[in-house]
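Colleague: I'm new to this one and would like to go through its aromatic rings with you. Can we put it on the screen first?

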Amino acid sequence: MKKFIAVLMLMSVGSLLVADIHAPPKAKYTKNRKWSRGWSNIFYSWTEVPATMSRYGERHTVQSNEIWTAGFWHGLQRSGARLKYGVYEVVNFQRPIYKDSYRPSME
């Protein structure tokens, strides 16, 4: 009985340790994911402005207009970059461009 339980435990632990060698690291980045990532970057690029303003307000202890203004302009730059990469990925979603894969070029 002890041998049966030991073999059963060994098989159950061994079944958890099976590696997925059939899915390489680049497998999760596909054309569809690149296309949808591009559209989400286009549609949600405007959210960078309030998020960056809030982040600037939390990071700096002195609340002044300069901090909110700097957060606004930095958020506007980030929003433009996100919009640019979104359009870039939607237009080029068929091609594996970044390091010969469909990984995001903006990280």
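Colleague: Does Phe43 count as buried or exposed?

Modeller: Phe43 has 53% relative accessibility. This is a predicted model, where local features need pLDDT of at least 70 and side-chain atom pairs pLDDT 80 or more, while totals for chains, interfaces and linings use all residues. Residues are numbered from 1 along each chain as its sequence is written, and side-chain values use heavy atoms, without hydrogens and water. With buried meaning under 20% relative accessible area, exposed over 50% and partly exposed in between (1.4 Å probe, protein chains only), Phe43 comes out as exposed.

Colleague: And which kind of aromatic pair do Phe72 and Trp73 form?

Modeller: Phe72 is partly exposed at 32%, and Trp73 is exposed at 51%. Rings of Phe, Tyr and Trp (its six-membered ring) pair if their centres lie within 6.5 Å, with planes under 30 degrees apart called stacked, over 60 edge-to-face and the rest tilted. Here the centres are 5.3 Å apart and the planes at 75°, so the pair is edge-to-face.

Colleague: How many aromatic pairs does the structure hold?

Modeller: Ring pairs also link Trp35, Trp39 and Phe43 into a cluster. Overall, the number of aromatic pairs is three.

Colleague: Why is the pair of Trp39 and Phe43 given the name it has?

Modeller: Their ring centres are 5.6 Å apart. Because the planes sit at 25°, the pair is stacked.

Colleague: What is the relative accessible area of Trp39?

Modeller: Trp39 falls in the partly exposed class. Its value is 32%.
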